[in-house]
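Got your viewer open and a selection tool ready? Let's walk through this one stop at a time.

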Amino acid sequence: MSQPITTPLPAKRASRWNSPYDGGGLQPLVNVFLTQPAYSRICVHSVSDMKNEVGGILVGQWCLDENREQFVVIEHALPARHTRQGSVYLTFTQDSLVDIHDQIDANYKGQKIVGWYHTHPSMGVFLSHYDTWLHSNFFPEPWQVALVVEPVSATGGFFIRQRQGTLDPNRYFGFYELDGNYGRSMVYWNNLRQLEEEKGNAAK
Ligand SMILES: [Zn+2]
């Protein structure tokens, strides 16, 4: 059985980025903490193809804080090597999932697949019917998340199941940027807004 790690929120080093839908009455089951190296890896991969979808796996920890609230820490992004690429869909083939499990065992022992990411060049930030199907079949844990990046408009957001289990395919959430860069943010997605006042204070 998969169990979360109980640990305090890494809030002191985190800076909150909100989407337009954060605080709009939605109740995401988990908060997402994203390390700067993982963010940077995702961005480099995302802009590497401005026409076709690319994607990969998000690796890290599933955690519980002192108040038994769940959060995930995304420490690594692994570009999928064997995806079928097209302009409107992307498939994680059997090969790529086997490959990813091998990579995690070899390099990131003890970490989990906390979700996946893919791009929507010139299409916007949402989950298609196919994306929603893929998420529920390949990433069925309630705490697993889906990140969509739109490299042309430089936007992005996380799709996170709500507490009652539903997943809204149109309303996405922001994240906490985990600082490793001496206080300098790396986030440049222009649909997210940094909450200065919440720096160092992981609010609900
Ligand atoms: Zn998609």
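Start by selecting helix 1 (residues 36-46) and look at what surrounds it: its buried residues pack against strand 3 (30-35), strand 4, strand 5 (70-79), strand 8, strand 9 and strand 11 (175-178). Helices (H or I, at least four residues) and strands (E, at least two) are DSSP runs, numbered from the N terminus. Contact means heavy atoms within 4.5 Å. The buried residues of helix 1 are Q36, A38, Y39, I42, C43, H45 and S46. Here, buried means under 20% relative accessible area, exposed over 50%, and partly exposed in between (1.4 Å probe, protein chains only). An α-helix has 3.6 residues a turn, so residues three or four places apart point the same way.

A quick note before you click on: this is a predicted model, where local features need pLDDT of at least 70, side-chain atom pairs count only at pLDDT 80 or more, and totals for chains, interfaces and linings use all residues. Residues are numbered from 1 along each chain as its sequence is written, and side-chain values use heavy atoms, with hydrogens and water left out.

Now zoom out to the whole chain. Of the 204 residues, 53% are buried. Among contacts with a separation of 6 or more, 73% are between residues 24 or more positions apart.

Next, select the zinc ion. Which atoms coordinate the zinc ion? They are H118 (NE2), H120 (NE2), D131 (OD) and D131 (OD), at 2.0 to 2.6 Å. Donors are N, O and S atoms within 2.8 Å of the metal (3.2 Å for Na, K and Ca); water is not among the atoms, so sites may look incomplete. Along the chain, the donors follow the spacing H-x1-H-x10-D. H118 lies in strand 8 (residues 112-119) and D131 in helix 3, so this pair ties together parts that are 13 residues apart in sequence. H118 is buried at 1% relative accessible area, and D131 is buried too, at 2%.

Time for some rings: select W62 and W143. Rings of Phe, Tyr and Trp (its six-membered ring) pair if their centres lie within 6.5 Å; planes under 30 degrees apart count as stacked, over 60 as edge-to-face and the rest as tilted. That rule gives 13 aromatic pairs. W62 and W143 are a stacked one, 4.4 Å centre to centre with 10° between the planes. W62 is in strand 4 (residues 55-64) and W143 in the loop between helix 3 (129-138) and strand 9 (145-150), 81 residues apart. Both are buried.

Stay with aromatics and pick Y39, F158, F175, Y188 and W189, which form one cluster. Then select R16 and Y176: the charged end of R16 sits over the ring of Y176, 4.8 Å from its centre. That label needs NZ of Lys or CZ of Arg within 6 Å of the ring centre and within 35 degrees of the ring normal.

Last stop: backbone angles. Most residues other than glycine have a negative phi, and most peptide bonds are trans. Select R68 in the loop between strand 4 and strand 5, where phi is near 60°, a positive value. R68 is exposed, at 62% relative accessibility. Now try S122, in the loop between strand 8 and helix 3. Its phi is near 60°, and S122 is exposed at 56%.
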